[in-house]
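Please follow this walk through the structure with the coordinates open beside the text. The paragraphs go from charged pairs to a surface patch, then to helix packing and a few individual residues.

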Amino acid sequence: MAQLKLEKRGHTALITMANPPANTWTKDTLTQLRDAVKSLEQDKTIYALVITGEGEKFFSAGADLNLFASGDKAVAADMSAIFGEAFETLTAFRGVSIAAINGYAMGGGLEVALACDIRIAEAQAQMALPEAKVGLLPCAGGTQNLAILVGEGWAKRMILCGERIGADKALQIGLVEEVVGTGMALEAALLLADKVAEQSPPAVAACKQLIQKGRSAPVQTALPLERELFVKLFDTKDQVEGVQAFLQKRKASWING
């Protein structure tokens, strides 16, 4: 039985973590995630990606700690590398990535959601980065992505103090963008993904690049790039189609190019 399931629904790819009982990550599933996102990157019919967990209790509990029980540094290096490759590939996906958090999101389970563009959590969801409680640290982007989203103070509360938070608190501090009822996260994420399909794919890719540019470059660098990418969109057929569709009061038909 596949531990990472991929299906395509129109212009949206759905990835489901399916490694019961807690949808934990393994080297194989992380490799599959990296390769799946790389494949989707090349599929011009896919505009958005939704990731969720199978079952009603867990989104993902992160890494299987049995992997680190021996204290083997070579295993640690191997796993941290593939965690980084998988989640950084997800963050770099040209389309919009949405995490449908349908239960516990712990450690690497929360980090995969942090690697996405948008997070929708169910009301009963619990989130934490508890690695320091077992002598480890979040090595899959957690220390950086969490601080970007919620600020240094709450990142330190969750990572240094091991504080677990519920969906309402996550919404309050900006860790998630929406909270929905139990069993509703996937539906809400897929509906949001449908909205992405109404946007020009090249324009979305350029906008995402610019927004994330602010993580590593000063605004003085990003602003000229913003204007440069705006002009480059005029090399695309979707720019002409988008403007013409608006003026003709019809729905645009994107070709992603």
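A salt bridge here is a side-chain nitrogen of Lys or Arg within 4 Å of a carboxyl oxygen of Asp or Glu. The model is predicted, and for that reason local features need pLDDT of at least 70 and side-chain atom pairs count only at pLDDT 80 or more, while totals for chains, interfaces and linings use all residues. Residues are numbered from 1 along each chain as its sequence is written, and side-chain values use heavy atoms, with hydrogens and water left out.

With that definition, R34 and E85 form a salt bridge in which the closest N and O atoms are 2.6 Å apart. This pair links distant parts of the chain, since R34 sits in helix α1 and E85 in helix α2, 51 residues apart; helices (H or I, at least four residues) and strands (E, at least two) are DSSP runs, numbered from the N terminus. R34 counts as buried at 17% relative accessibility, whereas E85 is partly exposed, with a relative accessible area of 37%; buried means under 20% relative accessible area, exposed over 50%, and partly exposed in between, using a 1.4 Å probe and protein chains only. The pair also belongs to a network of salt bridges that links R34, D35 and E85.

A further salt bridge joins K27 to D78, the closest N and O atoms lying 2.8 Å apart. K27 lies in helix α1 (residues 27–42) and D78 in helix α2 (residues 73–92), so this pair ties together parts that are 51 residues apart in sequence. K27 counts as partly exposed at 39% relative accessibility, and D78 is partly exposed too, with a relative accessible area of 36%. Elsewhere, the side chains of E7 and R9 meet in a salt bridge at 3.2 Å, N to O; E7 counts as partly exposed at 36% relative accessibility, and R9 counts as partly exposed at 41%. Over the whole structure, the search finds 12 salt bridges.

The surface also carries a nonpolar patch, formed by L65, V134 and L136, with about 250 Å² of accessible area together. Patches are made of residues with over 30% relative accessible area and no salt bridge, like charges being joined within 9 Å and nonpolar side chains (Val, Leu, Ile, Met, Phe, Trp, Tyr) within 5 Å. Accessible areas come from the Shrake-Rupley method with a 1.4 Å probe, and for residues only the protein chains shown count as cover.

Two packed helices are described by the angle between their axes and the distance between the axes. Helix α7 (residues 201–213) packs with helix α8 (residues 219–232) at an angle of about 175°, the axes being 10 Å apart. That angle makes α7 roughly antiparallel to α8. Axes are lines fitted to C-alpha atoms, for helices over the stretch in contact, and angles run from 0 to 180 degrees between N-to-C directions; angles under 35 degrees count as roughly parallel, over 145 as roughly antiparallel, 65 to 115 as roughly perpendicular and the rest as oblique. On the α7 side, A206, Q209, L210 and K213 meet T221, A222, L225, E226 and L229 of α8, where contact means heavy atoms within 4.5 Å.

Helix α7 also holds K208, which is buried, with a relative accessible area of 10%. Leaving aside residues up to four places away in sequence, K208 touches L90, T91, F93, R94, G95, S97 and D117. Counted in the same way, D43 touches K8 and R94. D43 is found in the loop between α1 and β3 (48–53) and counts as buried at 17% relative accessibility; its C-alpha atom is separated by 9.7 Å from that of H11, 32 residues away along the chain.

Some backbone details complete the tour. The peptide bond from P20 to P21 is cis, with omega near 5°, and P21 lies in the loop between β2 (12–17) and α1. In the segment after α9 (237–247) is K249, which has a positive phi of about 55° although it is not a glycine, and which counts as exposed at 76% relative accessibility. N256 is also placed in the segment after α9 and has a positive phi of about 60° although it is not a glycine, but N256 counts as buried at 9% relative accessibility.
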